[in-house]
Amino acid sequence: MLVEWDWWTVEFGDAHAGAAGALIGGGEPGPVYIDVGSGPNVPSTTHWSAYDGRHRRPRAEALRAMCACGWRGAAEYPLDWATVGDRPLYEADVDLTGPLADWNAHLSLVRDKAAPLPEPLAALLVEITERLTATTADAPMAALRAVGVLERIASRVGREAARGLVEDGMSAEAVATGLGTTYPKALVLLLAAQDR
């Protein structure tokens, strides 16, 4: 099944990607299958715009915010089918500001629970980003080399930090919250740190 996320942040990546989700009868409908003719693979999607009642598909009654982490917004935003008419939802001017605001509020809570970066480190990361961006424009090969160096540093230091958390008995749940990521990703980090 194809899950299409509409919103994404650099800070949380795919762990907290967001989208508007379709609601029918107060619940999330199953996937919509896309007819691409004959063949063994039938693609499907749960993107809100697929639930437009066309081609025997179900018609969404409302939208709500959803996040890849499993969070769902409490507010429901009814679709005005009188305004949409017979157009496909992806062509209609559907207002997604409500679900987007709810998802942003969810991210604020995730951010508040995450371990804060010390100010000097946060400033240094901003400076590195700015310098890498400028170098990319002037000397892309040098920027790519610098990125490789940073990836190796980050990998080594990340393993050391995770090893310290393992030695301190930190749970995968606590690591997931502190990093603003998912439990499976936190568990992989902790397990990789134990492979010496």
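Select Arg-59 and Trp-81 to begin: in this predicted model, the charged end of Arg-59 sits over the ring of Trp-81, at 4.0 Å from the ring's centre.

Next, select Trp-7 and Trp-103. Counting aromatic pairs by the ring-centre rule gives one pair. The ring centres of Trp-7 and Trp-103 lie 5.6 Å apart and their planes meet at 35°, so the pair is classed as tilted. The reason is that a stacked pair needs planes under 30 degrees apart and an edge-to-face pair needs over 60.

Now colour the chain around these two residues. Where does each partner lie? Trp-7 is in the segment before strand E1 (18–23), and Trp-103 is in helix H2 (residues 97–113). The pair therefore ties together parts that are 96 residues apart in sequence.

Finally, select helix H5 (residues 172–179) together with helix H6 (residues 183–194). Their axes come within 8 Å of each other and cross at roughly 110°, which means that H5 is roughly perpendicular to H6. The crossing of H5 past H6 is right-handed.

To see which side chains to display at this crossing, show the residues that meet there. On the H5 side they are Ala-172, Glu-173, Val-175, Ala-176 and Leu-179. On the H6 side they are Tyr-183, Ala-186, Leu-187, Leu-189 and Leu-190.

Conventions: Residues are numbered from 1 along each chain as its sequence is written. This is a predicted model: local features need pLDDT of at least 70, side-chain atom pairs count only at pLDDT 80 or more; totals for chains, interfaces and linings use all residues. Side-chain values use heavy atoms; hydrogens and water are left out. Rings of Phe, Tyr and Trp (its six-membered ring) pair if their centres lie within 6.5 Å; planes under 30 degrees apart count as stacked, over 60 as edge-to-face and the rest as tilted. Helices (H or I, at least four residues) and strands (E, at least two) are DSSP runs, numbered from the N terminus. A charge sits over a ring if NZ of Lys or CZ of Arg is within 6 Å of the ring centre and within 35 degrees of the ring normal. Axes are lines fitted to C-alpha atoms, for helices over the stretch in contact, and angles run from 0 to 180 degrees between N-to-C directions. Angles under 35 degrees count as roughly parallel, over 145 as roughly antiparallel, 65 to 115 as roughly perpendicular and the rest as oblique. A crossing is left-handed if the near helix is turned anticlockwise from the far one by less than a right angle, and right-handed if clockwise. Contact means heavy atoms within 4.5 Å.
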